[in-house]
Amino acid sequence: MNAHAPVAVSLEELKNRVGQEIGVSSWMTVDQERIDRFAEVTADRQFIHVDPQRAAAETPFGGTIAHGFLTLSLLSAMGQEALPVIQGRTMGINYGLERVRFLSPVPSGARVRGRFTLSEIAMRSATQAMLRYQVTVEVDGVGKPALAAEWITLAVLG
């Protein structure tokens, strides 16, 4: 992932960008070691994720693929890098996800990145802004995204 600092913007500036793509993360490699560690942590050791020989022989993927939930979990790191920081925000909270779809597999060794479009900002109170993003996770060299979702976050303002 890229080590550059996200841009800081006011909430008012961000409201003017509703409907626009506001961030794209750098490419991140999803290698077998990452897949194996995720399998261990989640106890999801299905052979399509952790057994390269069997996955090559018994699946149409040609080898192992990342867990869909692994791909989904990368949104946090991608968003931290790609999304602007809201000036005056004291904390950000994951509020939820809607319409999560796993559209194509992420083969072991593939590179992925997140694209974020801001679809809505709604004030829940004077100190809480709810932001909705349309997110896609692309696989380098593949025309169809690996994942599409609506990600909802809550920005707590100081």
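Me: How do you know that glutamate 150 forms a salt bridge with arginine 132?

Reply: The closest N and O atoms of glutamate 150 and arginine 132 are 3.2 Å apart, and a salt bridge asks for a side-chain nitrogen of Lys or Arg within 4 Å of a carboxyl oxygen of Asp or Glu, so the pair qualifies. The model is predicted, so local features need pLDDT of at least 70 and side-chain atom pairs count only at pLDDT 80 or more, while totals for chains, interfaces and linings use all residues. Residues are numbered from 1 along each chain as its sequence is written, and side-chain values use heavy atoms, with hydrogens and water left out.

Me: Is glutamate 150 buried or exposed?

Reply: Its relative accessible area is 5%, and buried means under 20%, exposed over 50% and partly exposed in between, with a 1.4 Å probe and protein chains only, so glutamate 150 is buried. Arginine 132, with a relative accessible area of 18%, is buried as well.

Me: Why is β8 described as largely enclosed?

Reply: Of the 11 residues of β8, 10 are buried, so the rest of the structure largely encloses this strand.

Me: What makes β5 and β8 a pair?

Reply: DSSP has to find at least two bridges between two strands, and β5 and β8 are joined in the antiparallel sense over 10 bridges, with arginine 101 standing opposite alanine 148 in β8. β7 and β8 also pair in the antiparallel sense, over 10 bridges, and here leucine 131 stands opposite threonine 153 in β8.

Me: How do you know that arginine 111 and aspartate 140 meet in a salt bridge?

Reply: Their side chains are 2.7 Å apart, N to O, which is within the limit for a salt bridge. Arginine 111 lies in strand β6 and aspartate 140 in the loop between β7 and β8, so the pair ties together parts that are 29 residues apart in sequence. Arginine 111 is partly exposed at 34% relative accessible area, and aspartate 140 is partly exposed at 37%.

Me: Why does glutamate 12 count as exposed?

Reply: Glutamate 12 counts as exposed because its relative accessibility is 52%. Its salt-bridge partner is lysine 15, with the closest N and O atoms 3.4 Å apart, and both lie in helix α1, three residues apart, about one turn of the helix. Lysine 15, at 31% relative accessibility, counts as partly exposed. By the salt-bridge rule the count comes to 13.

Me: Which residues have the most contacts inside the largest nonpolar core?

Reply: They are Leu14, Val30, Met78, Val106, Val112 and Leu131, in a core of 35 residues; a nonpolar core is a set of buried Ala, Val, Leu, Ile, Met, Phe, Trp, Tyr and Cys residues joined through side-chain atoms within 4.5 Å. The elements that give two or more residues to this core include α1 (11-15), β3 (28-30) and α2 (32-42), while β7 gives the most, with six residues.

Note on methods
Helix = DSSP H or I, 4+ residues; strand = E, 2+ residues; numbered from the N terminus.
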